[in-house]
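I opened the structure and went through a handful of residues. My entries follow.

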Amino acid sequence: EERVKEWGLDQQQMIKEFGEIRDKWIKEDLPGWLATNKSYNLVPDCMDAMAESGAEVFIITTKQKRFCAALLKDFGLDFPESKLFALEDGP
């Protein structure tokens with residue numbers, strides 16, 4: 001945040017532009033985008049096992065929600081959006 005101010009950048013504009021670039025990439029090459037965004041080893045399996053055992057699982061991410069949802073789908077996880085806290089949800 002300090003560098004953003006120091007360099008005179010607009011944080012919301014940067015978020016918007018990064019999102020637009022990702023949207024374009026996904027539209028043009030979804031498999032390529034997904035291939036660059038792999039999960040950590042065993043995390044999807046662990047999340048799935050936790051949810052199946054009745055644990056309350058949440059995700060907090062710096063990605064925009066639509067991108068995280070696409071990754072979760074690719075990982076084979078059916079995750080409720082109400083438990084996903086993403087960039088646009090704020091601090």
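I began with Cys 46, which is partly exposed at a relative accessible area of 41%. I then looked for its closest cysteine sulfur and found it in Cys 68, 16 Å away. This is a predicted model, and I read the distances from it as computed.

I searched the whole structure and got zero disulfides. Cys 68 is buried, with a relative accessible area of 8%, whereas Cys 46 is partly exposed.

Next I looked up Asn 37. I placed it in the loop between helix H2 (11–35) and helix H3 (43–52). Is Asn 37 buried or exposed? I have it as buried, since its relative accessibility is 14% and the cut-off for buried is under 20%. A polar atom of the Asn 37 side chain lies 2.8 Å from the backbone oxygen of Trp 33. I left aside neighbours within four places in sequence and found Asn 37 in contact with Lys 63, Leu 71 and Phe 75.

I found Gln 64 between strand E1 (59–60) and helix H4 (65–74). Gln 64 counts as buried at 9% relative accessibility. Which residues does Gln 64 touch, not counting those up to four places away in sequence? I listed Ile 15, Gly 19, Ala 86, Leu 87 and Glu 88.

I then checked the surface for nonpolar side chains. Phe 58, Ile 60 and Phe 85 form a nonpolar patch there, and I noted about 340 Å² of accessible area for them together. I followed up one of these, Phe 85, and found it in strand E2 (residues 84–85). Phe 85 is partly exposed, at a relative accessible area of 39%.

My last entry is on Ala 51. I located Ala 51 in helix H3, and it is partly exposed with a relative accessible area of 46%. I also took a C-alpha distance from Ala 51 to Ile 21: the two are 30 residues apart along the chain and separated by 33 Å.

Terms used. Residues are numbered from 1 along each chain as its sequence is written. This is a predicted model: local features need pLDDT of at least 70, side-chain atom pairs count only at pLDDT 80 or more; totals for chains, interfaces and linings use all residues. Side-chain values use heavy atoms; hydrogens and water are left out. Patches are made of residues with over 30% relative accessible area and no salt bridge: like charges are joined within 9 Å, nonpolar side chains (Val, Leu, Ile, Met, Phe, Trp, Tyr) within 5 Å. Accessible areas come from the Shrake-Rupley method with a 1.4 Å probe; for residues, only the protein chains shown count as cover. A salt bridge is a side-chain nitrogen of Lys or Arg within 4 Å of a carboxyl oxygen of Asp or Glu. Helices (H or I, at least four residues) and strands (E, at least two) are DSSP runs, numbered from the N terminus. Buried means under 20% relative accessible area, exposed over 50%, partly exposed in between (1.4 Å probe, protein chains only). A disulfide is a pair of cysteine sulfur atoms within 2.5 Å. A polar contact is a pair of N or O atoms within 3.5 Å; within protein, one must be able to donate a hydrogen and the other to accept it, and residues adjacent in sequence count only if both atoms are side-chain atoms. Contact means heavy atoms within 4.5 Å.
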